[in-house]
Amino acid sequence: ARGERAQAAQSILDDELAATEDDATRADLLAERGRLLVAQGRATDAQRAFREALAVAPEVLLLDEPTNH
C-alpha cells in the first residue's frame, strides 16, 4: 500500500511538472519529488531531483529542516 501511494504521488508530480511553465513552481515540484524519493530511500535519485530544482531556480533556498532562529 505504501509503495502504491508513493507511485500515485510520483504520478501526480509528473503530471504537474509537465503542465507548469513557471520556474519557481517547477523548482518547488522538483524539490517535492526529491523529498518523496528520500522517503523511499532513493538517495541518488533524490539528489538528482534536488540538483535539477536548483538548476531551474538557483535563487530558491531549499531547506530540509526549519531553522531555529
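A6 lies in helix α1. In this predicted model, A6 has a relative accessibility of 14% and counts as buried, since the cut-off for burial is under 20%. Apart from its neighbours within four places in sequence, A6 is in contact with L36 and Q40. A6 and A39 are separated by 33 residues in sequence, and their C-alpha atoms are 9.1 Å apart in space.

The chain that holds this residue contains 3 helices and 0 strands, and its elements run α-α-α from the N terminus on. Helix α1 covers residues 2-19, helix α2 residues 23-39 and helix α3 residues 43-56. The chain has 69 residues, of which 25% count as buried. Among contacts with a separation of 6 or more, 30% are made by residues 24 or more positions apart.

Confidence in the prediction was examined for the chain and for its elements. The average pLDDT of the chain is 86, and 86% of the residues score at least 70. Among the elements, helix α1 has the lowest mean pLDDT, at 89, whereas helix α3 has the highest, at 94.

The pairing of α1 with α2 is described next. The axes of these two helices come within 10 Å and cross at roughly 165°. An angle over 145 degrees counts as roughly antiparallel, and α1 is therefore roughly antiparallel to α2. The crossing of α1 and α2 is left-handed. On the α1 side, the contact is made by A6, A9, Q10, L13, D14, E16 and L17, which meet R26, L29, L30, E32, R33, L36 and L37 in α2. By class, the residues of this contact divide into 8 nonpolar, 1 polar and 5 charged.

Q10 lies in helix α1 and is buried, with a relative accessible area of 16%. Not counting residues up to four places away in sequence, Q10 touches R33, L36 and L37. A9 also has its place in helix α1, but A9 counts as partly exposed because its relative accessibility is 28%, a value that is not under the 20% required for burial. The C-alpha atoms of A9 and R33 are separated by 8.7 Å, although the two residues are 24 residues apart along the chain.

The axes of α2 and α3 come within 8 Å and cross at roughly 165°. These two helices are therefore roughly antiparallel to each other, and α2 passes α3 in a left-handed crossing. The contact involves D23, R26, A27, L30, A31, R33, G34, R35, L37 and V38 of α2, together with D45, A46, A49, F50, E52, A53 and V56 of α3. By class, the contact of α2 with α3 has 10 nonpolar, 1 polar and 6 charged residues.

Terms used. Residues numbered from 1 in each chain as written. Predicted model: local features only at pLDDT ≥ 70, side-chain atom pairs only at ≥ 80, totals over all residues. Heavy atoms only, no water. pLDDT = per-residue confidence, 0-100. Helix = DSSP H or I, 4+ residues; strand = E, 2+ residues; numbered from the N terminus. Axes fitted to C-alpha atoms, helices over the stretch in contact; angles between N-to-C directions. Parallel < 35°, antiparallel > 145°, perpendicular 65-115°, else oblique. Left-handed = near helix turned anticlockwise from the far one by under 90°. Contact = heavy atoms within 4.5 Å. Nonpolar A, V, L, I, M, F, W, Y, C, P; charged D, E, K, R; others polar. Buried < 20%, exposed > 50% of the residue type's maximum accessible area, 1.4 Å probe, protein only.
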